[in-house]
Amino acid sequence: MGRRPGGAGLGQAALTLGLVLLYYCFSIGITFYNQWLMRSFHFPLFMTLLHLLVIFLLSALTRALLHCCTKRSRVVLTWADYLRRAAPTALSTALDIGLSNWSFLYITVSLYTMTKSSAILFILLFSLIFKLEELRMVLVLVVLLIAGGLFMFTYESTQFNMEGFALVLGASFLGGIRWTLTQMLMQKAELGLQNPIDTMFHLQPLMFLGLFPLFAVFEGLPLSTSEKLFRFHEAGLLLSVVGKLSLGGFLAFGLGFSEFLLVSRTSSLTLSIAGIFKEICTLLLATHLLGDHLNLLNWVGFAVCLSGISLHVTFKAFSSKGEKESKLHKGTSSSPDLELLLRRSEAEEEEEEEVGTELQH
């Protein structure tokens, strides 16, 4: 017995809302977590290294579980592909995340959120360089709106810090390289990295190695003499610090996985729109919970920046209308891994409906 169209539509809407809320929990949660932790733990690069280790272990565990459930072997890159194709993506990603976490020592959540939104400028720049996008006037307008909004947001800001701003702006620049290379990496069908779990598994070791020299130079000696870690006096205090640090790794892994589920069950457009409203929620929470101060010009700048992002999302939606789904979306939506994770609940729902109908008769 098939499911009624109205019920199916409501079910899909409820699932989409649930996935969006899950994405919000992880994405907003990790932003406020970083700001909270940096108030008492001043070693952001070490924190990032530990997060990478946790993500790698969780990715390996997930791959093992999927292999046991599906009986399908997981992709393993050759050393040549690993070093030649994955290494640039891993290095840019590690530096993006490392500098972003570092910036929380100096700036507020609101300034971080706004400046990080400028990453789309650099994504567009490198998309043009690598010929993933064609130069159009609408893209120029998008750049002007986002850049103008960023200028208004930072102009005469009462909580502006140049050092933190430079760090997060550098992270945004590296983020443009990161996401362009990630797109190219995941769209190469011969590599078999369409599933982000496999991508995270392969990138984390190289990311760890890429970020470690920066950690050794800036945090190695201070961390080794800090009483919170290497010169600890109480095992309980050490376990508490490691537990707090590990929490961020779980949040980061959950964020990547929630993005994967949202895109796979809906579309990349839904993720983009959800991301716009996520920025608004983050800024409102920062002003109410953390006491971030924003004047009228800052809010206008934020609105102008969001209008540029919204214009880009709308343009991408119309330009892809009538075309086939992207290779990345096709690869994830037809993945047996995803069917295992999501279709089982649908089958159980359908079975319950059939049982209920039989009892009524």
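Is arginine 63 buried or exposed? Arginine 63 is buried, with a relative accessible area of 8%. This report works on a predicted model.

## Overall fold

The secondary structure comes to 14 helices and 0 strands. Read along the sequence, the pattern is α-α-α-α-α-α-α-α-α-α-α-α-α-α.

The protein has 361 residues, and buried residues make up 46% of them. Now take the contacts between residues at least 6 apart in sequence. Of these, 84% join residues at least 24 apart.

Side chains of opposite charge can pair when their charged atoms come close. A search of the whole structure finds 7 salt bridges. One of them joins the side chains of arginine 63 and aspartate 198, at 2.6 Å from N to O. Arginine 63 lies in helix H2 and aspartate 198 in helix H8 (residues 196–218), so the pair ties together parts that are 135 residues apart in sequence.

Aspartate 198 also meets arginine 74 in a salt bridge, at 2.9 Å from N to O. This pair again links distant parts of the chain: aspartate 198 is in helix H8, arginine 74 is in the loop between H2 and H3, and they are 124 residues apart.

Arginine 63 has 8%, so it counts as buried. Aspartate 198 has 3%, so it is buried too. Arginine 74 has 14% and is also buried.

## Another buried pair

Aspartate 96 and arginine 178 have side chains that meet in a salt bridge, at 2.8 Å from N to O. Aspartate 96 sits in helix H3, and arginine 178 sits in helix H7 (residues 162–186). The two are 82 residues apart, and the pair links distant parts of the chain. Both aspartate 96 and arginine 178 are buried.

## How H4 packs on H6

Two packed helices are described by the angle between their axes and the distance between the axes. Here the helices are H4 (residues 109–116) and H6 (residues 137–154). Their axes come within 10 Å and cross at roughly 160 degrees. That makes H4 roughly antiparallel to H6, because angles over 145 degrees count as roughly antiparallel. The crossing of H4 and H6 is left-handed.

Which residues in H4 and H6 meet? From H4 come Ser110, Leu111, Met114 and Thr115. From H6 come Gly149, Leu150, Phe153 and Thr154. The residues of this contact divide into 4 nonpolar, 4 polar and no charged.

Leucine 283 lies in helix H11 (residues 268–289). Leucine 283 is buried, with a relative accessible area of 0%. Leave aside its neighbours within four places in sequence. Leucine 283 is then in contact with Ser110, Thr113, Phe153, Leu294, Trp299 and Phe302. Ser110 and Phe153 also belong to the contact of H4 with H6. The C-alpha atoms of leucine 283 and methionine 114 are separated by 8.5 Å, although the two are 169 residues apart along the chain.

Threonine 48 has its place in helix H2. At 1% relative accessibility, threonine 48 counts as buried. Threonine 48 touches Ile97, Gly98, Asn101 and Leu211, not counting residues up to four places away in sequence.

Helix H5 covers residues 119–129. Its buried residues include Ala119, Ile120, Leu121, Phe122, Leu124, Phe126 and Ser127.

Most residues other than glycine have a negative phi. Lysine 71 has a positive phi of about 65 degrees, although it is not a glycine. Lysine 71 lies in the loop between helix H2 (44–70) and helix H3 (79–103). At 67% relative accessibility, lysine 71 counts as exposed, because exposed means over 50%.

Notes
Residues are numbered from 1 along each chain as its sequence is written. This is a predicted model: local features need pLDDT of at least 70, side-chain atom pairs count only at pLDDT 80 or more; totals for chains, interfaces and linings use all residues. Side-chain values use heavy atoms; hydrogens and water are left out. Helices (H or I, at least four residues) and strands (E, at least two) are DSSP runs, numbered from the N terminus. Buried means under 20% relative accessible area, exposed over 50%, partly exposed in between (1.4 Å probe, protein chains only). Axes are lines fitted to C-alpha atoms, for helices over the stretch in contact, and angles run from 0 to 180 degrees between N-to-C directions. Angles under 35 degrees count as roughly parallel, over 145 as roughly antiparallel, 65 to 115 as roughly perpendicular and the rest as oblique. A crossing is left-handed if the near helix is turned anticlockwise from the far one by less than a right angle, and right-handed if clockwise. Contact means heavy atoms within 4.5 Å. Ala, Val, Leu, Ile, Met, Phe, Trp, Tyr, Cys and Pro count as nonpolar, Asp, Glu, Lys and Arg as charged, and the others, Gly among them, as polar. A salt bridge is a side-chain nitrogen of Lys or Arg within 4 Å of a carboxyl oxygen of Asp or Glu.
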